[in-house]
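The following exercises are to be worked with the sequence and the coordinates at hand. Each task is followed by a stepwise solution.

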Amino acid sequence: MNLFNTIVIGLKEIWSHKFRSVLTMLGIILGVASLVGMAAIVKGMENGMKEAMVAMGGVDKVLLRVQPVPAWQDHLADQAPGRTMDDVQALRKSAPLIRLVSPEMGIEDVTVSRAGKSFRPEYCSGVWKEILDMNLHTLAHGRFFNEIDEEEARSVCVIGTGIRDELFGKPEDVGHEIIPIGEEIQINGQPFTIIGMFTKYMSEQDAKEAALKAREGPQKQVGPKRQKGWGRKGGWAFWSKNNTIYIPLYTAWVKFRAVGDLNGVPDPRLTDINLKVASLDQLEPALQQARNVLLVTHHGIEDFTFQTQENQLENINKQIQNARLSGGIIAAISLLVGGIGIMNIMLASINERIRAIGICKAIGATPAAIFIQILVESLVVSLIGALLGVFASYGFVEGLQLVTPSANTPIITPMAMIIGVAFSAAVGVIAGLIPALKAARLDPIQALRYE
Amino acid sequence: MALLELRNVSKIYHLGGEEIRALDDVTLDIDAGEFCSIIGPSGSGKSTLMHILGCLDSPSLGTIKLDGVEIQKASTGELAHIRNRKIGFVFQFFNLLPKLNVVQNVELPMIYSGVSGKERRERALRALEMVELGNRLKNRPSQLSGGQQQRVAIARALVNDPKIIFADEPTGNLDTHTGEIILELFRNLSREGRTVMLVTHNPEIAAVTPRRIEIRNGKIADKVDTRLAGLDRKSAVVPAH
């Protein structure tokens, strides 16, 4: 009794009950499709998150965060200085392992307007030119601030394409690039001149789609114009990066901070200080160095902490793991249900074939041969189901993308396929065990008498 | 030495605390080349005897030797091997597999004994030639008449060249004429020197065999051996005195 014959007989048995076999396989097909599809979606999510992380400044970026003073320093809480320019200068002078220090003075509740159009950008900050390196910005048109702009607190700004889209219109709508260099806009009522504009940041998928659209030419607008939120197209990271206005740090201080405070003492605190370390291998010593420097400028009050992108990466990995686990459990359950379906059908099929099994036994089939025969049949059903499931997963992923377009293209991984097929093979064997045992134990005499 | 030796064989069933002796202390020898029938009314224990002789079942008590090997203690797997190689079965209801065609049905025992594909086909064809069905190889059992189906079953029983062939009411499901043809086939097999056991309730059919064993209530009630009476043309054994 060789294996090849057994498989051929198993295939014949499946072929002679086509409809029933397909119904049986359906459980496995759906199980494998959902497993592979789920893994593809999670993989897409992971890629999207990592892409977004790079868009926010890369792995070597370290955020200097404020934190409540520790309990043992509670009595000093009032004297906590927060992040100021003192910290920036001290870090620049005394922390050689820190390559880049970029201060940001954010302006709250900003409205930008031009020619009757007004709009609230995501970010409006006073910055140094270090911000370019820090947040990995690329200037597409015009120039960035220089020392003289900073020194004289000139009213100049560099904008992201999102700001341009809102105030000057989208190039996609008019069919040519709009470069508003030299134009004047109002930031909270104060006139600023645009001297530079960044490139349009987008995820790989959006870039591909944009290229496709450009090749097809301008589309005719049908129906009313609709607003597209960031949730639908492009990740939040790219959207906020595009909706940014930068002005010189000193300008932010002079025009907004110094005049803004009610009791006459302007708030010197920065909203952000971001660091980049000289080398990722030296991350720990660099942070220690920065901590020492900052403890001096903060008079020993520990009202700050560092958030590295490594933590961020860890967070991403944790989220991905969770998503993978929950998706895996769902897929495993549906595979289990598929397995129960196979067992059910195998039991029914054996009941139908009791007489045939009796004949085989009478002419010399050993219990082991019958056992293997049934097991192989069950395995063949589950494996065919698994293969169909792998194909179905492509359709599943495509369909899912149609229903819920997301920034993160699902990526079907070979690993998920292998796991799916292996898992359903195991399910097939386990589901076949009980029916196979039952068939192998049939008494030939009673089986032959069975009507 | 006899081909099959039964010594004090009993088969006991327990039904709701009641002990039923389907076979009661049967001692019996069957020699190689014998053409023999087991006869008895239904419920007499003749089927049980055939199952034990045919290694489909094991006795509760007593010993059974097939071809010099004691088999009363054999496992179900070992019994399957013995059935496969040493025993051929022909049943009342033919018992062909409906999904396989004629050749495949005949090949089946050889699949279980691990004969290679080419040899399997050759031997199946030879066996089918012998029962004059060489022209119906690709037919399904349902496309054949009862007599033809029974001939396929006989070919299947012969294909592994067994020591002994059991036929359980082989004509029970056939008309008289076709039954005659099938019985003639068994007679021919016997003439070729094969050991054939015919199980039947019909004395007329049993009459074709030189030796008849009658079973009643699980015991051998009567043994008729035409050879001993000097009635058999071929192998009469004349008593010494």
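**Exercise 1.** Why does Ala22(B) count as buried?

*Solution.* The model is predicted, so that local features need pLDDT of at least 70 and side-chain atom pairs count only at pLDDT 80 or more, while totals for chains, interfaces and linings use all residues. Residues are numbered from 1 along each chain as its sequence is written, and chains are lettered from A and ligands numbered from 1 in the order in which they are written.

Step 1. A residue is buried if 20 or more other C-beta atoms, placed from the backbone, lie within 10 Å of its own, exposed if 12 or fewer, and partly exposed in between.

Step 2. Ala22(B) has 21 C-beta neighbours inside 10 Å and therefore counts as buried.

Step 3. Ala22(B) belongs to strand E2 (residues 18-30) of chain B; helices (H or I, at least four residues) and strands (E, at least two) are DSSP runs, numbered from the N terminus.

Step 4. Not counting residues up to four places away in sequence, Ala22(B) touches Lys11(B), Tyr13(B), Gly45(B), Thr48(B) and Gly218(B), where contact requires C-beta atoms, placed from the backbone, within 7 Å.

**Exercise 2.** Determine how the axes of H2(A) and H14(A) are arranged.

*Solution.* Step 1. Axes are lines fitted to C-alpha atoms, for helices over the stretch in contact, with angles from 0 to 180 degrees between N-to-C directions.

Step 2. The axes of H2 (residues 18-55) and H14 (residues 367-403) of chain A come within 6 Å and cross at roughly 50 degrees.

Step 3. Angles under 35 degrees count as roughly parallel, over 145 as roughly antiparallel, 65 to 115 as roughly perpendicular and the rest as oblique; H2(A) and H14(A) are therefore oblique to each other.

**Exercise 3.** Describe the side of chain B that touches chain A.

*Solution.* Step 1. In chain B, 20 residues are in contact with 18 residues of chain A.

Step 2. Helices H2 (76-86) and H3 (102-112) of chain B each supply at least two residues of this side, and H2(B) gives the most, with 6 residues.

**Exercise 4.** Which residues touch the most other members of the largest nonpolar core?

*Solution.* Step 1. A nonpolar core is a set of buried Ala, Val, Leu, Ile, Met, Phe, Trp, Tyr and Cys residues joined through C-beta atoms within 7 Å.

Step 2. Among the 121 residues of the largest such core, these are Phe166(B) and Met197(B).

Step 3. H2(A) gives the most to this core, with 16 residues.

Technical notes. Two residues are in contact if their C-beta atoms, placed from the backbone, lie within 7 Å.
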